[in-house]
Amino acid sequence: MLPGNGRGYSPTLTAKDEYGASTNKMIRFKKSTDYFVVSPAQPFPAEKMPRRASIQVQKSISAGGTFKVEVCNNPYAPEPVWEDCTNEVENSLIHVFENNLDLSGKHGLGIRVTVGRAEDGEPCWVSSISGNFETYMAG
């Protein structure tokens, strides 16, 4: 880990030879993030497979940035099926899952949000992800 302000680093390297001569060279690094992904560490557990979800995301993204929200109603499966629900989130709508196959025997909801920074480099952030989901109960 290099010391710095989190955005730029300027370590100095010193090379010495066997005769005691030395030279210094400062190298400058700039930290840059093009995109980031936010996702809970664990899926939200459910008794049955989720069928509908309402997701809200508090965010700030500059013009030209990208924003994508995906949900998954079989997050414990070996190959989870992620569905894009960006339109539903941006328009405060409910996402109805197309996937109805879960072979894992364990049910839950997975969420991930991907934000791409605009070329202008302006700050962007996600401060919260919230919502709820509904399952179909037999009977």
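**Close-up views of a predicted model**

**View 1. Helix α1 and residue T86.** Helix α1 spans residues 86-90, and T86 is part of this helix. The model shown here and in the other views is predicted. T86 has a relative accessible area of 10%, and because the cut-off for a buried residue is under 20%, T86 counts as buried. Apart from neighbours within four places in sequence, the contacts of T86 are F67, K68 and V69.

View 2. Strand β2 covers residues 12-16 and strand β3 covers residues 22-26. The two strands run antiparallel and are joined by 5 bridges. One of the bridge pairs links K16 to S22 in β3. Between β2 and β3 lie 5 residues, and the two strands form a hairpin. In its turn, G20 has a positive phi of about 95°.

**View 3. The largest nonpolar core.** This core holds 15 residues, of which I55, V57 and V69 touch the most other members. At least two residues of the core come from each of β7 (50-60), β8 (66-72) and β11 (107-116). Strand β11 supplies the largest share, 4 residues. Nonpolar side chains tend to be buried together in soluble globular proteins.

**View 4. The surroundings of V57.** V57 is among the core residues that touch the most other members. Leaving aside neighbours within four places in sequence, V57 is in contact with F67, V69, V89, V113, V126, S128 and I129. V69, one of these contacts, is also in contact with T86.

Notes
Residues numbered from 1 in each chain as written. Predicted model: local features only at pLDDT ≥ 70, side-chain atom pairs only at ≥ 80, totals over all residues. Heavy atoms only, no water. Pairing = 2+ DSSP bridges. Buried < 20%, exposed > 50% of the residue type's maximum accessible area, 1.4 Å probe, protein only. Contact = heavy atoms within 4.5 Å. Core = buried A, V, L, I, M, F, W, Y, C linked by side-chain atoms within 4.5 Å.
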